[in-house]
Amino acid sequence: MKKVFTSLFFALTIAGFAKAQDIQNNPASNHGNKFEQLGTILNTPNEQRTASGAPGAKYWQQRADYDIKCDLDEKNLKLTGSETITYYNNSPDPLDYIWLQLDENEHNNNDNANYQQSSVMPRGAGTLQLDRAEKSNTDNGYGDKIMSITDALGKSIPYIINKTMLRIDLPAALKPGAKMLFTVKWNYKISDRMSLGGRGGYEYFPGDGNYLFTMTQWYPRLCVYSDFQGWQNHQFTGRGEFALTFGNYKVQMTVPADHVIGATGECINYAAVLSPAELARYTKSRTAAEPVEIVTLDEAKKKEAAPTTAKKTWVFQATNVRDFAWGSSRKFVWDGMGQKVDGKTVMCMSYYGKEAYNLYRKFSTKLVAHTVKSYSSFTFPFPYPVAQSVEAANGMEYPMICFNYGRTEKDGTYSESTKNGMIGVIIHEVGHNFFPMIVNSDERQWTWMDEGLNSFMEYLTEELWDNKFPSKKGAAYTIVDYMKLPKNELEPIMSNSENIVRFGPNAYTKPATALNILRETIMGRQLFDYAFKQYARRWEFKHPTPADFFRTMGDASGENLDWFWRGWFYGTDAVDISLDSVKVAKADLDGKAPQFNRRANKVDAPAVNAFDDISKIRNREDKNIKFYVDKDTSVHDFYYKYDRGLAAVDTMKFNNMTKELATPQHSAAAEAMTDEDKTKYAGKYFYQLNFSNKGGLVMPIIVEFTYADGTRQVDRIPAQIWRLNEKHVSKFYIQDKEVASIKLDPMRETADIDETNNYWGKLPEPSKFQVFKQKINAAGVRGQSVGVNPMQVSGSK
């Protein structure tokens, strides 16, 4: 028996080594390149960008300062402006020309980017839909009309317009270290954003006859000239967003006198444009613990009913920003409060019409404050003096200001899905202040660097708002449906913005999920959070590339993550780890050889709480985390009570144990079973788990054992177990107790697309409460309005 026992382990060990060796030597085998270094895929480190991912000793970037004056003609829906730009050439290169962006040309039928889509003949009767890029002999009147470009002495400078880009041809090269001052005069017809689309324009409210203006991409803006690309002058098609140069702004906006303006930066003439009562409320709001209405609902309604033709000029200043945007309307209710961040007060403010009052008055400014504070804790202290949310039936971000959605029904009620959508979009758009407004990546080339990173941060911030918030991005299971798609319908995350078919899953959800998996499952929170903060602080107010992010995350954590970037960001493989079979044995010390039994693992997968994930569970168990909704009862509404009144949360305690179970090694001494060995292995159970990588994406294997006595234990096998064989691996365990069932990825934290092959043995039946809860979730109760006014019952039990 002794020889049989030891020989069996020896045979298993040698067979494993031999198989791995054969795989390595076989070029057609299942040992590929998933663990090879990215190497030359990343740009070569240099004096501007180091191999550690940090800016180099000779890093440089350009600067552009703006002095802008504009006039809003509400009657004719036209904006006229003049801007004086001071451009600083901090590069080592002489520049013969300068590129500016004319994003308003997106709406012009002849000067747009003309990126046409494939089109087909419509079937049956219906309206013919021509491509928006379709040219015609008649100009539709939209787009930037450049009146003149002159130098500091008033002399005309030649220029050429190529669709959405304008090139200024300099009379002499702008030398390194030199600066140039020039003035551009322009105007454009403001577009109806609700019918023509786009991020900026106007919305008309026929019920009261008023407009809400969102003035974005509204002035000719400098393109980025960088060390890694030169001029970023790719055409603006309406999708890939922006690459912009940091600078200082002074902007004067002349608008109807009854309008209220929210804008990038700080207003420096409130005393001239606000009434004494409004100015007093604004002053009070700066130190208030609750949002103060600076312009009240009643005041906004009175302005709507009796608009004026008089005008006022608002003046704003902003320092070290990459852009400037503003919203203007007489419809605005305006509230604000101060939020302390790293000892400084950030004015958090919201602007919204009566159509959104019952939602925005209760939540918006508090969400702004929560977001600024939460993001600061994961990156760097928010450096700007202001953060603002404007309700404008969309979702778009700019420095210190963003435009969001979230309107109630006419009677003031709202569904829970509307409320949750508003919470998510405000957190997301305010969060963009960090990525890419401050960590200033190239959105037009790499959408994921701002949308993906920001969606990940949004998930963390939503979770800190309310542990029960149904986040749509971040948790691993949220990307499963996308990753199940056929390979020919997927693109790598590392794809140009214009070339992505499924934009939302690819640029938002998948990178957010990948980073959350990296944080919770691969690296752990401590290592990840430190490395992520290093990246943010290294590239604050600079222009990072993907290589800078990848390198920093590895450099600051001591983890070789190239396999992860290669699989998640450069590839389209999915996670599908299968527990193919389990061999079972028990040591027989009376002379019989241990019998290994092969058992099938196909069982029905138990349902999992659709709104729970590993992050939520760990946050609940962290006594240092206090959720916003638990600290501030004023944000409780009907749905807060309703959700918690159904039943207590189904809390599954997660046992994060990693127990090393060593396989006995063969040696000459092992030929004889000693009394010590008999004692060591008496009553032990042996299990060999055989896994296959059916999806192609290498990932850690998370194994949960449920023992016959009902207890559980989890083992986390690092992804590196696949490094010598990327398709098949095995793991041997010695257990003290009999195992009743085995489950892979019990908390659904790896985005496994097929959970039916994750189980072996008899699994415990879900409780009646779990079954009931799953039915409730499936019925979509969370997304339905129950016909009450949530504002009125917010204090009820």
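Visitor: Which residues of H14 are buried?

Guide: A word on the model comes first. This is a predicted model, in which local features need pLDDT of at least 70 and side-chain atom pairs count only at pLDDT 80 or more, while totals for chains, interfaces and linings use all residues. Residues are numbered from 1 along each chain as its sequence is written, and side-chain values use heavy atoms, with hydrogens and water left out.

Now the helix. The buried residues of H14 are Ile614, Ser615, Lys616, Ile617, Arg618 and Asn619. Buried means under 20% relative accessible area, exposed means over 50%, and partly exposed lies in between (1.4 Å probe, protein chains only). Helix H14 spans residues 614-621 and is mostly covered, with six of its eight residues buried. Helices are DSSP runs of H or I with at least four residues, strands are runs of E with at least two, and both are numbered from the N terminus.

What covers the buried residues of H14? The cover includes helix H8 (448-465), H10, helix H11 (525-538) and strand S28 (712-717). Contact here means heavy atoms within 4.5 Å.

Next, the nonpolar interior. A nonpolar core is a set of buried Ala, Val, Leu, Ile, Met, Phe, Trp, Tyr and Cys residues joined through side-chain atoms within 4.5 Å. The largest one holds 198 residues. Within it, Phe182, Trp218, Trp326, Phe549, Trp565, Trp568 and Phe691 touch the most other members. Helix H6 (residues 357-378) gives the most to this core, with ten residues. A second, separate core has five residues, including Ala585, Tyr681, Phe686 and Phe732. Take Phe549 from the largest core. Leaving out residues up to four places away in sequence, Phe549 touches Trp448, Met449, Leu453, Leu515, Phe532, Tyr535 and Trp565.

Met215 stands opposite Trp326 in S18. Strand S9 (residues 210-215) and strand S18 (residues 326-329) pair in the antiparallel sense over three bridges. Two strands pair if DSSP finds at least two bridges between them. The open sheet has four strands in the order S8-S9-S18-S14, with antiparallel pairing. Strand S8 (201-205) and strand S14 (260-263) stand at the edges, each with a single partner strand, so one side of each has no neighbour in the sheet. The twist averages 15° from one strand to the next. Axes are lines fitted to C-alpha atoms, for helices over the stretch in contact, and angles run from 0 to 180 degrees between N-to-C directions.

Another open sheet has six strands, ordered S16-S19-S20-S21-S23-S22, with mixed pairing. Its edges are strand S16 (292-295) and strand S22 (396-398). Its twist averages 20° from one strand to the next. S19 and S20 pair in the antiparallel sense over nine bridges. Gly338 has Met347 in S20 as its bridge partner. Helix H7 (residues 416-431) packs on the sheet, touching strand S21 (386-391), S22 and strand S23 (401-404). The direction of H7 makes about 155° with that of S23.

Charged pairs close the tour. A salt bridge is a side-chain nitrogen of Lys or Arg within 4 Å of a carboxyl oxygen of Asp or Glu. The whole structure has 44 of them. One joins Glu355 and Lys331, with the closest N and O atoms 3.0 Å apart. That pair links distant parts of the chain, 24 residues apart. Glu355 sits in the loop between strand S20 (344-352) and H6, and Lys331 in the loop between S18 and strand S19 (333-341). Glu355 is partly exposed at 22%, whereas Lys331 is buried at 1% relative accessibility.

Glu489 and Arg502 also meet in a salt bridge, at 3.1 Å from N to O. Glu489 is partly exposed at 30% relative accessibility. Arg502 is partly exposed at 30% too. Salt bridges that share partners join Asp208, Glu304, Lys331, Lys354 and Glu355 into one network.
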